[in-house]
Amino acid sequence: MTDFSYDDFMQLSEHELVPHLNDFSVLFAQQFSREKLNHLCKVADAARYIRRTSAGADFLAGLLKHYSVLNFFVQPSSRTFLSFCTAESMLGMRRLSVRDINISSIAKGESLSDSIHTFISYVDLVVMRHPDDYSGVDAFWTTLKSHRRLTLKGEKCPIPIISGGSGKKQHPTQSLLDIYTLERAFKDMGGIDGKTIMLVGDLKRGRTVRSLSYMMKEYKDVSLIFCAPEEYQMEKDILNFLDDNGIPYKFANSIDEAVAEADAVYMTRIQDEWDSEKKTDGSHTAAKEDFIFTMENLKQMKEHAALLHPLPKRDEIEKEIDYCDDERVYYWRQERNGMWMRVALIAWLFKVDEEILNYKLHNRL
Amino acid sequence: MTDFSYDDFMQLSEHELVPHLNDFSVLFAQQFSREKLNHLCKVADAARYIRRTSAGADFLAGLLKHYSVLNFFVQPSSRTFLSFCTAESMLGMRRLSVRDINISSIAKGESLSDSIHTFISYVDLVVMRHPDDYSGVDAFWTTLKSHRRLTLKGEKCPIPIISGGSGKKQHPTQSLLDIYTLERAFKDMGGIDGKTIMLVGDLKRGRTVRSLSYMMKEYKDVSLIFCAPEEYQMEKDILNFLDDNGIPYKFANSIDEAVAEADAVYMTRIQDEWDSEKKTDGSHTAAKEDFIFTMENLKQMKEHAALLHPLPKRDEIEKEIDYCDDERVYYWRQERNGMWMRVALIAWLFKVDEEILNYKLHNRL
Amino acid sequence: MTDFSYDDFMQLSEHELVPHLNDFSVLFAQQFSREKLNHLCKVADAARYIRRTSAGADFLAGLLKHYSVLNFFVQPSSRTFLSFCTAESMLGMRRLSVRDINISSIAKGESLSDSIHTFISYVDLVVMRHPDDYSGVDAFWTTLKSHRRLTLKGEKCPIPIISGGSGKKQHPTQSLLDIYTLERAFKDMGGIDGKTIMLVGDLKRGRTVRSLSYMMKEYKDVSLIFCAPEEYQMEKDILNFLDDNGIPYKFANSIDEAVAEADAVYMTRIQDEWDSEKKTDGSHTAAKEDFIFTMENLKQMKEHAALLHPLPKRDEIEKEIDYCDDERVYYWRQERNGMWMRVALIAWLFKVDEEILNYKLHNRL
């Protein structure tokens with residue numbers, strides 16, 4: 001695969017790139033088969049179980065103690081950044097971060113590829129959030145071309161890249177934590193298979209809902225409800241994908257209309273940071289009334305249903321819901337699931353996932 | 001206490017809030033009784049003693065090795081930030097930081113409360129500096145409402161918040177280190193009790209001198225001298241507080257006038273960052289001649305007296321004093337005391353303070 | 001030496017300052033004798049050898065585990081910053097960083113000297129990059145005046161400062177890594193002695209090529225070729241220095257003209273960040289055709305020759321060269337050498353360099 005020139009490589013579609021990724025880097029939600037998803041959920045569960053004891057925490061912190069990671073985040077992020085940092089620390093990694101492109105050599109006219117080459121000269125993992133859709137591919141190509149390799153369980157591997165969100169399209173670790181949260185919410189009801197999931201808000205530009213839709217292909221008998229104002233409705237490429245894969249979906253004009261049918265409601269914020277005309281007064285686009293989740297909607301939900309949100313949120317969920325102590329409000333737990341899923345993901349890339357499963361097996365509390 | 005709505009909670013006065021804090025979080029100087037202050041000074045002394053040996057340093061670094069902390073500083077800070085970082089590291093904590101609100105989700109319209117909720121999903125302590133007076137209360141309320149708890153010596157505790165300075169009013173850890181510095185300066189002379197302390201400079205907007213005044217209530221027979229230009233003179237609320245608590249004070253029109261009477265002189269900088277009209281040329285308001293501490297003033301000071309400054313300083317202390325090797329110049333040592341006091345404070349919040357005292361007891365050098 | 005006043009100290013020339021540095025701080029390339037250079041290369045080699053095993057990595061990470069370092073970088077940097085961070089972590093140091101002067105107390109009008117005093121109240125090493133030529137001298141003076149000392153192998157030492165680049169003149173650790181890279185490139189050919197080195201690009205403002213020229217005094221029979229457009233040609237002070245020390249040099253008007261004679265070609269970028277009129281559109285000054293290193297030039301190079309670049313680069317090296325797999329392309333390895341050289345340098349300052357050499361001696365793989 002290193003035979004591709006840079007220009008040719010950057011021309012490949014996500015679909016064509018997936019086989020090249022080969023468990024070395026994490027760029028796209030569609031890299032993950034049902035089997036891998038199940039495995040990662042299991043590792044995440046094991047890590048969270050293990051860390052309850054001091055001995056378990058010591059075990060985890062010893063796994064990657066001589067590896068280092070750069071968190072290269074050049075767009076705003078709290079959750080993704082902090083949960084990666086925490087996950088990395090739990091595994092004992094030494095963390096570095098670059099959060100402002102103006103303090104890096106990119107300010108001196110360096111190409112992204114050269115910057116990445118520099119990063120992977122020093123660190124053993126790069127987690128990156130970047131506004132360009134193909135920044136991760138650029139970085140991945142550089143890891144293949146660079147001579148530096150990690151030896152993991154006897155195998156020579158390029159330095160891994162994990163996307164922490166790139167452009168409007170991909171945010172694969174968010175998808176993983178959404179899957180993990182849904183699986184946990186429905187763990188006594190057969191998991192995600194057979195469930196109806198309603199996606200609400202800015203479906204057009206919300207990379208989380210787009211990725212989640214893609215991943216439904218891995219689950220059986222799932223159906224989707226798209227609930228969004230016309231200007232934010234789900235894009236044609238996703239609808240075509242669902243049609244091609246026989247995943248049923250329908251549209252709803254308000255939360256009221258369909259909330260009672262849903263096993264999960266996945267709320268999203270209006271992503272006005274992508275608006276061509278940005279507001280300069282610090283204000284934000286308000287959510288429309290029909291697409292604000294209310295206490296009334298909570299009452300209408302099924303008894304076992306789950307309310308998710310990738311966060312940050314603004315006004316699309318009524319404030320009273322935040323601390324109403326209803327078990328169906330999942331978004332705070334969803335955040336913490338993200339941390340555990342990131343522990344699992346990094347452990348898997350560095351091939352210590354089986355050690356985590358074994359530790360749990362042999363150290364039942 | 002979790003019965004309060006957010007709006008009701010934010011209406012409570014500092015006085016009403018103190019009992020709710022309950023040793024879980026540190027927001028106000030007035031949380032600390034004489035007994036607690038003495039205890040923290042003792043723990044700080046013990047930690048500094050222990051850390052002289054490599055074994056002692058190992059002991060300290062093991063105390064909180066599986067806990068993490070976020071330093072959330074959205075206003076400029078060198079001393080407070082670095083001394084917290086160093087203190088946290090000495091106790092073995094894993095540190096994260098957010099120093100720019102523009103790289104956090106607040107840039108996407110998230111509320112401070114939601115941001116804090118996210119932070120405490122991942123970390124076990126938040127140290128925050130924020131321009132809003134009530135930001136710490138907002139954060140504290142969120143820790144009560146969130147479901148995440150730490151188990152410390154068998155007790156379930158909300159995630160602690162420590163204020164590293166909020167708005168113009170509070171900077172409790174600065175007060176603690178000021179107390180610790182004064183106690184050490186007067187350790188062979190009965191401590192702070194009975195001393196005369198002169199406060200100089202911008203008393204109106206200097207939160208350190210305001211807090212220190214409040215804390216004098218905990219000490220016996222202290223008297224205060226306020227030495228400031230009229231426009232920066234101490235505010236009425238503090239004077240009323242002193243009257244109510246029978247703490248004598250007087251005013252001085254220059255340092256010269258009263259320096260010979262003082263056991264301690266506490267200098268402050270003109271806090272022109274709070275001026276409604278900010279200078280745009282990078283210049284700063286100069287101190288007035290009568291309120292600049294000179295080599296002459298140093299000669300006039302009592303033999304055992306102490307010269308303090310919370311730093312940063314500008315022109316209010318003559319440059320020659322910085323390195324004149326006079327034992328009475330305390331402000332550089334005051335900085336380092338801050339680090340030890342923060343070690344003590346965090347140890348106390350996480351209930352490992354007694355372990356530090358015991359280690360010292362059993363490991364005399 | 002602490003008898004100098006601040007103003008007098010700041011008047012000293014680099015030449016006069018060198019003896020004061022006394023192995024306490026690293027500010028100038030000319031501090032390093034041939035003997036020290038050889039020693040540091042040996043320590044760097046040993047550290048890189050040791051770190052291949054997990055036991056070796058543990059050994060290194062134990063050496064400075066109770067020391068902390070502040071990376072104070074107020075100019076853009078990727079390589080220098082990250083390689084220092086990685087080196088520090090490998091030695092077990094606790095790292096802190098300040099990368100933006102606006103979040104420090106300098107924003108409140110504090111002097112650089114006071115800021116440094118604060119830093120060295122909390123940390124045991126300051127690595128700094130600063131736009132002012134004499135910022136490092138200012139910092140060094142402060143370390144002498146401050147009372148805080150480290151006890152290293154029984155000796156009381158001021159807190160060390162390492163320059164990570166100051167102003168247009170000095171970048172001593174870059175010089176060290178350049179020397180290390182050249183020594184490794186020529187290790188089977190007698191090292192740097194007797195070689196011809198061509199320096200290309202912006203020689204006027206490139207502190208790396210200036211420092212490298214100075215250091216050639218320590219090597220025997222080296223000759224230099226300066227290849228630059230007239231406006232970027234090497235400055236008179238360096239030419240005088242070479243004349244005084246009997247180091248032969250000549251000029252070339254293009255890479256083509258002299259590339260076949262060179263044992264090493266050291267490329268540099270046009271440092272347009274120092275231009276008095278800065279471009280505001282994010283564009284950069286293009287390299288001139290005669291000074292762009294091409295695939296053709298690579299063919300013209302001697303068989304054993306080495307192509308170096310301090311990076312970041314822009315257009316002065318043809319893109320195809322980056323990944324052409326020619327052994328003579330050294331710049332990517334040069335980056336990683338920088339990390340190992342910084343490990344060696346810090347180990348030497350903290351007097352654990354001999355421990356590293358001994359560990360290697362007694363633990364042959």
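## A strand pair in chain C

Let's start with one bridge: Met198(C) has Val265(C) as its bridge partner in β10(C). That bridge links strand β7 (residues 196-200) and strand β10 (residues 264-267) of chain C, and the two strands pair in the parallel sense over four bridges. Strands here are DSSP runs of E, at least two residues long, and helices are runs of H or I, at least four residues, numbered from the N terminus; two strands pair if DSSP finds at least two bridges between them.

This is a predicted model, so local features need pLDDT of at least 70 and side-chain atom pairs count only at pLDDT 80 or more, while totals for chains, interfaces and linings use all residues. Residues are numbered from 1 along each chain as its sequence is written, and chains are lettered from A, ligands numbered from 1, in the order in which they are written.

## The whole sheet

Zooming out, chain C has an open sheet of five strands with parallel pairing, in the order β9-β8-β7-β10-β11. β9 (249-252) and β11 (306-308) sit at the edges with a single partner strand each, so one side of each has no neighbour in the sheet.

## Where chains B and C touch

On the B–C contact, 23 residues of chain B meet 22 residues of chain C, with contact meaning C-beta atoms, placed from the backbone, within 7 Å. Helices α4 (54-63), α5 (79-90) and α14 (331-349) of chain B each supply at least two residues to chain B's side. α5(B) gives the most, with six residues.

Notes
Two residues are in contact if their C-beta atoms, placed from the backbone, lie within 7 Å.
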